[in-house]
Amino acid sequence: MTEKALRLGTRRSKLAMAQSGQVADAVSQVTGRPVELVEITTYGDVSREHLAQIGGTGVFVAALREALARGEVDFAVHSLKDLPTTQPDELVVAAIPVREDPRDVIIARDALKLTDLPRGARIGTGSPRRMAQLNAYARTHGMDIETVPIRGNVDTRIGYVTKGDLDAVVLAAAGLNRVGRSDEVTDFLSVDTVLPAPGQGALAVETTADNADLIAALAQLDDPLTRAAVTAERSLLAALEAGCSAPVGALADLLTDGQSVKEMRLRGVVGTTDGSTLVQLSTTGPVPETHEAATALGRELATEMLAQGAAGLMGERAL
């Protein structure tokens, strides 16, 4: 008799299905049990409003978490950058697998790179973070661009370029890699130009806190270095009291001497969407070996950023 299938809750989008499928395969390998995908529609999937208007963080997560709480699924896979920074007591992120490429990329007409775009080029993105940094880059490099707010899945966004509505769109490299469309990228944006969203490129595998056996099984997929990096990034975000729709970028990367990992560098940025003002700082220290140490790294950098005026750049702040 085969063991009962584990039920994995996932959003219905092509990207969510692709990344959940990859996790399902990995979970099957470590547990020896089949995994079935349970498709769940979230408010963020059906609403046509811009993310900042419908609450930003959590709009893609709440329905999956409700299905977990009701016992309709055994575990769920989220894009980590969609998860609110406060974790409910009844749920646990059992695994954060090895991170995909965290960078943002451009898909532009005529295979153009960012620096080749013509004056007045229209660049589509739904992210205030990307708008702030692209506009700041344009200001300091004598470029004339217009950032245009867009929503929609990967196909919709790329369609704006192929149909000629926009000169370029900005997307996450990780998502394009997962749906097999990275060959359409015309330019990879250096993290020195655009810092990604906290947790970008990483996945969170979440289950209920009382499911000890499943937590132990899923933990085999966890990558400690990825977890330390994204914990520091998300701690920065939390300390700035900002949701995922705020113009905050963060990246913790590991500094090596060619042989082993020596230190972790955490960079953070917050800015006005027109790019006129940015607060960008970094800090470097030992690789955090505990959740508390990673959290402290993010909190310390956030404190420095707030002292430099970051709070006034984020629009509405949570009280």
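1. Helices here are DSSP runs of H or I with at least four residues, and strands are E runs of at least two, numbered from the N terminus. Please bear in mind that this is a predicted model, where local features need pLDDT of at least 70, side-chain atom pairs count only at pLDDT 80 or more, and totals for chains, interfaces and linings use all residues. Residues are numbered from 1 along each chain as its sequence is written, and side-chain values use heavy atoms, with hydrogens and water left out.

2. Now the geometry: the axes of α9 (residues 224-239) and α10 (residues 291-307) come within 7 Å and cross at roughly 40 degrees, which makes α9 oblique to α10. Axes are lines fitted to C-alpha atoms, for helices over the stretch in contact, with angles from 0 to 180 degrees between N-to-C directions; under 35 degrees is roughly parallel, over 145 roughly antiparallel, 65 to 115 roughly perpendicular, and the rest oblique.

3. On the α9 side, the contact (heavy atoms within 4.5 Å) involves residues including Ala228, Thr231 and Leu236. Among its α10 residues are His291, Thr295 and Arg299. By class, this contact has ten nonpolar, five polar and one charged residue (nonpolar: Ala, Val, Leu, Ile, Met, Phe, Trp, Tyr, Cys and Pro; charged: Asp, Glu, Lys and Arg; polar: the others, Gly among them).

4. A pocket is an open set of points on a 1 Å grid over the protein atoms alone, with protein on both sides within 12 Å along at least five of seven lines; lining residues have an atom within 4 Å of a point. Of its 22 lining residues, Arg227, Thr231, Arg234, His291 and Thr295 lie nearest the centre. Helix α9 gives the largest share of this lining, eight residues.

5. Finally, one cavity of 30 Å³ or more turns up in the whole structure (a set of points where a 1.4 Å probe fits but cannot get out). The largest cavity holds about 70 Å³, a volume being the space filled by probe spheres set on points joined across faces, edges and corners. Its lining includes Arg11, Phe60 and Asp82.
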